[in-house]
Each structure stands twice: as structure tokens, then as C-alpha cells.
Amino acid sequence: MSERKTPDPAAAVVLGIETSCDETGVAVVDARRGLLAHALHSQVALHAEYGGVVPELASRDHVRRLLPLLRTVLAEAGVAPRQLSAVAYTAGPGLVGALLVGAATARAFASGLGIPAIGVHHMEGHLLAPALEADPPEPPYVALLVSGGHSLLVEVRGLGDYRLLGETLDDAAGEAFDKTAKLLGLPYPGGPHLARLATSGNPERFRFARPMTDRPGLEFSFSGLKTQVLLAWQKAGVQDEQTRADIARGFEDAVVETLAIKCARALEATGARTLVVAGGVGANRRLRGQLVELAAARGARVHFPRPEFCTDNGAMIALAGLKRFLAGDLAACNLPVRPRWPLSELRPPAAQAA
Ligand code: KG4
Ligand code: ZN
């Protein structure tokens, strides 16, 4: 698949670049030695004053950060560009301008070196991220991806063999946390602030709906919850600190219980014995606690990649690129960016190359 043949695939070294949203992530993964180095620049501070990601600012910041980050990571990995076997980049889904920065850089770099540039699906990166850890889960497993941009349950059966079990019909779980936090006057991104406030809240005072748990299925819907929160806040009478904390607790419990119910259903539906949790919301302590309990009750195992591999990062892209590279996946080479790219379009490499 490359102009320059890798003599020994086991010695493959892949550089990964992630720029799909508001994080510039770069990493180097070695087929034999694993992750050699990774670094991330978060744009949270840049977008904070706007209360959300501003796409044009995101693209410009990726342009500023990517090359210095790339140099740092290669130096830290002790890898010279000519030692690389391939360069992987996030081809989608994501913000088009942001994706283009990573894709153009990766493709130019790879072309200069005469090695393949491998376009990676961002969600495939998240789904494979647990393999960056020691003692990785063996497929088949169920992955719950809950971040600011996505909320989905997927059955992972192997590389490129994913079955979407359910996703959100509206807001992502993290988005629901952030919007609700904003209503309560908390800074962006509000998820961690809301979770902190909820620790001093009374769980009995406000009970919000557990959306879409009263019917079968693995779909989510979180947008109605913020309206319930708004009404509760307006009707509360005294809008003091305790009321805010009580509402935060009621909201957090509603989201966490909803996610836990759907995870239990997904384990039952697939017969999988392992649950993997990824995405920023996976950092939520109450969610972690409930999922650990739920898995224990079913004799299943729950796996949380370390926080920096749960959220957007370059390592997961390097790893997914390495796996596609080792599988000789021609179809992944030089993929144009795809701001919208359904996970259901992914195929195992052999099927694609055939
Ligand atoms: O995966 P992630 O870092 O990236 C993007 O989606 O860009 O996820 C960020 C999301 C935000 O919505 C944030 O509020 C949420 O994860 N989040 C949390 C917690 N920590 C981060 N939500 C609830 N509880 C937390 N402890
Ligand atoms: Zn992501």
C-alpha cells in the first residue's frame, strides 16, 4: 500500500493527528512497543467566553498548534520522520475546517516521506482507544461513548466491525450537562462544574424524567431535560445555592440512571461480558459508580480508559491508523475529509480491500 515498503510490519511506527473539534492531538504508536509519546493542546480556554466551540477559531488554532506539537511528540518518541511507516489523521466526522488542517498536514507530511496517509474515523478511534491500555478488553464488547459531541452505544466485534445499537436523537449527554450547567449559571464546559455542585445536592428534592427508558430500545434523548430543569428553577421560589445544588443532583441522577439502564439493556441484547466507557462524560464519578455496580451484578467487566484517552486525543487515531495500516487497508489511504460520516459505513479492512 505504500511506495516505500515496510520490511517488517511488526516494526511499523505510525504518527497520529487528531483535529476534529477543539483539541489538537498528536501521538506516535509503535506496533511492538505501543504508545511512544502523545500530546494534546485543548482549546477550552479559547472558546470559553463564547459558551461553545467557534469553528473558525478552532481551525486557526489547529494551524498554530499542530506543527510545534508534532515536532515535540516526534522528539519525545525519539522517532525521526524517516522512521515513520504511515501518518494517520482524523478524516471525520467533525468540523470541516478543523479536519482539513489535520488532513492537509498529514497528507503533505506523508507524501514528502513517501509513506501512506491513512484517514481514520474519529469514532473508530474512540472505540479502539481501550487497546492503548495494558490488559485491553477483547472484542466483542459494548462501548458507551458519551461526550460533548456524541452519545452512542456500539457493539465492537473487531476492527471495522461495529454495530450501532443506539444513539441520541437530539443533544449528546455532555451537551445536556453543558446546557443545563449554563442555565444554572455555571462556566463552560459545565459538566464537571455541575457534577461538583451536585455533590452537595439533595437527591430527593427534584426528580426529573429518565428519557426513553419507559419503552424498549437503546436510543437516547436528552434535550427535554434542560426544559425540565429550567421550569424547576423558575418554580423553585427561593433561587439559592442549595436549590441549584439540588437541581444539579436531580439532573445528574436522571442522566446517569438513563445511561446505566441503556448500558444494562445493551449488555443483555448482545450477550457481551465487557462494557467500555469513553468520552468526557465517562469522567463522571456517579456514572462510573453505577456502571461498576451494574457490571458486577451481571458478572460483567467495565473498562474505563484513562481520562486522557477517553476524551479526544491523538493516540487513539495513531492506534486506529496502525491497525488499518497493518491490515493493508487500501481504502483508508488519502481519504478526503468527511464532516458527516456514519459509523455504519465502516467495514473491516479485508472487505474493503477486496
Ligand atoms: O470527550 P470530550 O472531552 O470532548 C468533546 O466532546 O469535545 O467531552 C467533553 C464533555 C463536555 O460536555 C463536558 O461537560 C463533559 O464531557 N464532562 C462531564 C464531566 N467531565 C466532562 N460531564 C459530566 N460529569 C463530568 N465529571
Ligand atoms: Zn470525540
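Residues are called buried at under 20% relative accessible area, exposed at over 50%, and partly exposed in between, as computed with a 1.4 Å probe on protein chains only. The structure described here is a predicted model, in which local features need pLDDT of at least 70 and side-chain atom pairs count only at pLDDT 80 or more, while totals for chains, interfaces and linings use all residues. Residues are numbered from 1 along each chain as its sequence is written, chains are lettered from A and ligands numbered from 1 in the order in which they are written, and side-chain values use heavy atoms, with hydrogens and water left out.

Helices (H or I, at least four residues) and strands (E, at least two) are DSSP runs, numbered from the N terminus.

With strand β7 (residues 151–158), β6 pairs in the antiparallel sense over six bridges, and the two form a hairpin with four residues between them. Here valine 146 has serine 151 of β7 as its bridge partner. With strand β9 (residues 274–278), β6 pairs in the parallel sense over four bridges; leucine 275 in β9 is the bridge partner of valine 142.

Salt bridges come next, defined by a side-chain nitrogen of Lys or Arg within 4 Å of a carboxyl oxygen of Asp or Glu. The whole structure contains 23 of them. One joins the side chains of arginine 301 and aspartate 135 (3.2 Å, N to O). This pair links distant parts of the chain, 166 residues apart: arginine 301 belongs to strand β10 (residues 301–303), and aspartate 135 to the loop between α4 (122–128) and β6. Arginine 301 is partly exposed, at 35% relative accessible area, whereas aspartate 135 is exposed, at 54%.

Another salt bridge connects arginine 298 and glutamate 268 (3.3 Å, N to O). Arginine 298 sits in the loop between α9 (285–297) and β10 and glutamate 268 in helix α8 (residues 241–270), so the pair ties together parts that are 30 residues apart in sequence.

Finally, arginine 157 and aspartate 161 meet in a salt bridge (3.4 Å, N to O). Arginine 157 is partly exposed, with a relative accessible area of 41%. Both residues take part in a network of salt bridges that links Glu155, Arg157, Asp161 and Arg163.

Key. Pairing = 2+ DSSP bridges.
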